[in-house]
Amino acid sequence: MKWSDVQFKPTKKVLRQFAAAWLVFFLAWAAVQWLKRGHPTAALVLGALAIVVGGLGLVSPTTIRWFYVGCMIVAFPIGWVVSLVMLAVMFYGVITPVALFFRLRGRDLLHRAPPRNVTSFWTPKTLPLDVRRYFRQY
């Protein structure tokens, strides 16, 4: 994730999508607070927040532009850290063990190790007998 990924001038479609997602998420959160946890005050506050920001964004998306940009700026460092952590986990947790396993087994598909008891590094190439083979690459 790069700083240039943050949209400072989002389109109306993006703002409406944000408002709809905000509305659904916060209404669901309010329902959980009220029905499962038994906190009607928290549910009322979350429901009002959902309706004000989500409803306003669906009716007039340009009014919540500053709110959307603020949320994106707050969320940027989280996304940046998570992406770097996931890349490190993939590299050190998946690729490095596989590479070490291949190295221990002696696998060398690129033939990087010099061949033993050979005077030249040349690998002979067989030429196709039929010229039409050039048009069938695979």
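Me: Why does Phe 26 count as buried?

Reply: The model is a predicted one. Phe 26 has a relative accessibility of 10%, and buried means under 20%, so Phe 26 counts as buried. Phe 26 is found in helix H1.

Me: What does Phe 26 touch, leaving aside residues up to four places away in sequence?

Reply: Phe 26 touches Leu 46, Leu 49 and Ala 50.

Me: How do you know whether Gln 33 is buried or exposed?

Reply: Its relative accessibility settles the matter: Gln 33 stands at 11%, and the limit for buried is under 20%, so Gln 33 is buried. Gln 33 also lies in helix H1. Beyond four places in sequence, Gln 33 touches Gly 38, His 39, Ala 42, Ala 43 and Leu 46.

Me: Which other residues of H1 are buried, and what covers them?

Reply: Among the buried residues of H1 are Leu 15, Phe 18, Ala 19, Trp 22, Leu 23 and Ala 30. The cover over the buried residues of H1 includes helix H2 (40-59) and H3.

Me: Why are H1 and H3 called roughly perpendicular?

Reply: The axes of helix H1 (residues 12-35) and helix H3 (residues 65-105) cross at roughly 75 degrees. Angles of 65 to 115 degrees count as roughly perpendicular, and H1 and H3 are therefore given that description. Their axes come within 10 Å.

Me: Which residues make the contact of H1 with H3?

Reply: From H1, Val 14, Leu 15, Phe 18 and Trp 22 take part; from H3, they meet Arg 65, Phe 67, Tyr 68, Cys 71 and Met 72. By type, the residues of this contact divide into eight nonpolar, no polar and one charged.

Me: What makes the pair Asp 130 and Arg 132 a salt bridge?

Reply: The side chains of Asp 130 and Arg 132 meet at 3.1 Å, N to O. The rule asks for a side-chain nitrogen of Lys or Arg within 4 Å of a carboxyl oxygen of Asp or Glu, so the pair qualifies. The count by this rule comes to one salt bridge.

Me: How exposed are Asp 130 and Arg 132?

Reply: Arg 132 has 58% relative accessibility; exposed means over 50%, so Arg 132 counts as exposed. Asp 130, at 33%, falls between the limits of 20% and 50%, so Asp 130 counts as partly exposed.

Technical notes:
Residues numbered from 1 in each chain as written. Predicted model: local features only at pLDDT ≥ 70, side-chain atom pairs only at ≥ 80, totals over all residues. Heavy atoms only, no water. Buried < 20%, exposed > 50% of the residue type's maximum accessible area, 1.4 Å probe, protein only. Axes fitted to C-alpha atoms, helices over the stretch in contact; angles between N-to-C directions. Helix = DSSP H or I, 4+ residues; strand = E, 2+ residues; numbered from the N terminus. Parallel < 35°, antiparallel > 145°, perpendicular 65-115°, else oblique. Contact = heavy atoms within 4.5 Å. Nonpolar A, V, L, I, M, F, W, Y, C, P; charged D, E, K, R; others polar.
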